[in-house]
Amino acid sequence: FVPGPSGAGKTRLARDAMERAHQVGLAHTAWTSWRRGGPEIEGLRRLVAHAVSAGGGRSTTRVIDFFLARFPGLDDARLRTELSLFLAPGDALTDADLGLRVTTAVLGRLASERAAVIALDEADASGGVASALIRRLRESAIPCAVLLTLGDADDDGAPPDLALRLETLDDAASARLVRGLLDVDDALATMVAARADGNPLVATQLVEELIEDDAIARVGGRYALRTERDPAALPADLDAIWARRVARAGVGLDLAAFALTRARVDEDVAERLVRARGEGLVTDLRRAERAGLLSMRDGAFEWVHASLREHLIARVPGAERAALHREAADALEVRAGAEDVQAERAAHLHGAGAVDAACEAMIEACAWSSRRGEEAERERRAERLLSWARTDAHRARAHAELAHVAVGARDLERAEAHLAEARACAAG
């Protein structure tokens, strides 16, 4: 368990550990992460996709064939079927337990040859799925090491003896970090450490800012702040650093619109956005990539850090937000049927002021959760639908969804109450 505040280096630590384990042949590795507000099952699907796709071609069928040929077992036929269902690009019918069952089986196959190491990034955004997976792995006695990174607000039940908590650095540790990045003199190391206020991400970005801004020079064998530079001109915080880097990259509102769409922007979604915004977005994306603000990973654009995306979104003028939310909803439509995207589209449509359209998209999101057997997610979405609904029809549908969830939970009293509300709404 690796809990700690944003910017403390949790993800970097987990990725370094994974890469080293893989490089020295110590273990099979697989990686996943969760998006806050995203569907809980997507993290497991990404983990399984990473675990089985170490070769064999790009199509799902060939990837599964390659995996099963490399890691054969007695129940190959069943696992092949379940993998095909779980990794299917659409909303193929599954049961609620399928994700955990398939993930456990795949990791068991990997561990049959060599120990497995998996990283579950942002596990506190998984809605309990990460914890459920760990319980399954323990029950199955699978030799698998798990690295979980967790936000500062929730340790997900991390046992103290298994938690490597990343705290903010003290001044001395910050100064050592700065000197490890660049051979600077004591005065500059102390200055950067004080400005970073214990945050390794800020310290790292400040050093990069000094280099990019040509603010340092070699003096007596070490780097020092140029004499003509005012120390007070150093960026005051991470937001100020991002503002400078964005300005230096020469990007504008088009990149902010891109950031607003979602945390990871798939290539086909990016193409839709380019059609809507034109060459300005293409230029911004190229400049942002050259400046190291974002990169392509696993077929999607990813930001160098979540705080950069938040900075860009905050720059969107209020008068522009509704139109950009609408563009985002339209761009994400290309993923409908291929992934659980309708809840995101609904949020954007609501932000665009298209409340009825947002409700229709949320109804589709509820249907997806129902087909996948994700009742907790279905309930959350139905409650959001109810809070948005302006028409009796949408209110009736929200109550009907909640009634179905209650029946599944065997809470008949709550189910009857929601059915009564749905009938009342339907009756006008």
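This is a predicted model: local features need pLDDT of at least 70, side-chain atom pairs count only at pLDDT 80 or more; totals for chains, interfaces and linings use all residues.
Residues are numbered from 1 along each chain as its sequence is written, and side-chain values use heavy atoms, with hydrogens and water left out.

The protein contains 20 helices and 9 strands. Helices (H or I, at least four residues) and strands (E, at least two) are DSSP runs, numbered from the N terminus. The radius of gyration is 24 Å, close to the 22 Å of the globule rule for 428 residues, so the protein is as compact as a globular protein of that length. The radius is taken over C-alpha atoms, and the rule is 2.2 Å times the number of residues to the power 0.38. Along its principal axes, the C-alpha trace spans about 80 × 55 × 40 Å.

Buried residues account for 48% of the 428. Buried means under 20% relative accessible area, exposed over 50%, and partly exposed in between (1.4 Å probe, protein chains only). Contact means heavy atoms within 4.5 Å. Of the contacts between residues at least 6 apart in sequence, 65% join residues at least 24 apart.

The largest nonpolar core has 50 residues. Such a core is a set of buried Ala, Val, Leu, Ile, Met, Phe, Trp, Tyr and Cys residues joined through side-chain atoms within 4.5 Å. L210, F258 and W303 have the most contacts inside this largest core. Apart from it lies another core, of 39 residues, among them L79, F86, I118 and L120. Beyond its neighbours within four places in sequence, L210 touches L188, V192, A215, I216, L225 and L234.

Helix α16 (residues 342–351) is mostly covered, with 7 of its 10 residues buried. These are Q342, A343, E344, R345, A346, H348 and L349. Their cover includes α11 (253–261), α15 (318–332), α17 (355–372) and α18 (375–388). Just after α16, G353 adopts a positive phi of about 85°.

S126 sits in the loop between β3 (116–121) and α6 (129–139). At 1% relative accessibility, S126 counts as buried. The side chain of S126 reaches the backbone nitrogen of A130 at 3.1 Å. Leaving aside neighbours within four places in sequence, S126 is in contact with W34 and E40.

Notes
A polar contact is a pair of N or O atoms within 3.5 Å; within protein, one must be able to donate a hydrogen and the other to accept it, and residues adjacent in sequence count only if both atoms are side-chain atoms.
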